[in-house]
Amino acid sequence: MFKRICSAFAKFIGRLTYRIYILVGVLLVTVVSLATVFPQLPTGFHTALFVTQVLNVPVKPQVWFTQTPVREEITYERPDGLGEADVYYIPDGKRRAALLVFLGANAAGRDDADVVNFGQALARAGYVPMFSWSPTMGLQNNVDPAEIENLVLAFQHLRSLDYVDPDRLGMAGFSVGGSFVMVAASDPRIRDDVAFINAFGAYYDARDFFVQIASSTKRSGDTVEHWDVDKLTRRVFTNELIEVAPTEAERNILTRRFVENAEVGQAELDGLDGAANISRLLLDGTSPEEAGELLNQMPADFLEELDGISPSNHINNFENRLLIMHDVGDPLIPVGESRRLVETLQSQGRQDMRYTETEIFEHVRPGADLQLWPLVKGASKLYLHMYGILRMAA
């Protein structure tokens, strides 16, 4: 009997302590918002609400203080037909700041719980977020250079919506989408209208990134270390290299070998030639030096596509405020990619930039089962990063 009472009491204390921890975490974030000077207090308040809404915490008070947004599926014209997008907004007739969001080569779709929650949280915080969907990159795990042009057109359409303030527009991209957004925002057709770019978990240079994948190494500064390449990253890389093979027969051999993991005879592999054979060697894995040499032997149009989707080749055209985020333990795109981008920007003397490293995400999704202190520390970093973004929506 006494043991049961002690056990019940211990469970009660455990639950109470957990609730106190969560309350302390929320209060700490709130304290940071109150530290903001009073004219910016509403932004600080909404930023704190946004942070608790998107992170995996049990208390999500944003819904208590804000209107419920609606989600509208829209289309816009683009070269390959009609582009599809989801827009979240508060239906009160007001024009608000807007944000074009691109998720890149991610299988998460319009009904993914994290995507919906993120869109609603942005709308409740004062933005009109528009999620541009790519059928090739989102569903086929591909990197499609045509999406650069489509993002420019999507941004122009977002700017034309009745409930959007055309003078307060930004762009945000996640993973590969962050790199694409940076390139698209440098386009002279929209560059002057993009107030800021937020790139989370992006790569810096596509050629160098391919070398790192092929060699299972990651680079940060002068440090090169082994990298267990994530399955999704490997799949996208594999799909891209298979497409380079000029004949259907060669693509079939590479698909059976590297996608289906089927037995392929040595005679078939030895029969591969040119770009198909280079793809095979890169997919088999090699050293960074040899990977670089092999990649440079690829067809010129393929290399031009890689250069065209690399922020490294457009960095001199950035005239927008840059907000860059990366999770230190990112398994899909190593943090060294954003560090190289930041180093380059700093060497150019760029002042309108903010860089935030976190430890609370799994690639670009909120991490689960975090301890209190890492969660509070990470939430504070996210708060400070997001404050500047949400300030424009005030």
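Okay, housekeeping. Because it's predicted, local features need pLDDT of at least 70 and side-chain atom pairs count only at pLDDT 80 or more, while totals for chains, interfaces and linings use all residues. Numbering runs from 1 along each chain as its sequence is written, and side-chain values use heavy atoms, with hydrogens and water left out.

Strands here are DSSP E runs of at least two residues, helices are H or I runs of at least four, and both are numbered from the N terminus. S1 (residues 70-78) and S2 (residues 81-89) pair antiparallel over 9 bridges; pairing takes at least two DSSP bridges. There are 2 residues between the strands, and Thr75 has Glu84 in S2 as its bridge partner.

Next, the second largest pocket, at about 290 Å³. That volume is the space filled by probe spheres set on the grid points, joined across faces, edges and corners. A pocket is an open set of points on a 1 Å grid over the protein atoms alone, where a 1.4 Å probe fits, with protein on both sides within 12 Å along at least five of seven lines; lining residues have an atom within 4 Å of a point. Here 19 residues line it, and His46, Arg96, Arg124, Ala125 and Gly126 lie nearest the centre. H2 (41-54) gives the most, 3 residues.

Last, helix H6, residues 146-160: its 15 residues reach 22 Å from first C-alpha to last, close to the expected 21 Å, which is 1.5 Å times one less than the residue count. Its buried residues (under 20% relative accessible area, 1.4 Å probe, protein chains only) include Ile148, Leu151 and Phe155.

Definitions and conventions:
Buried means under 20% relative accessible area, exposed over 50%, partly exposed in between (1.4 Å probe, protein chains only).
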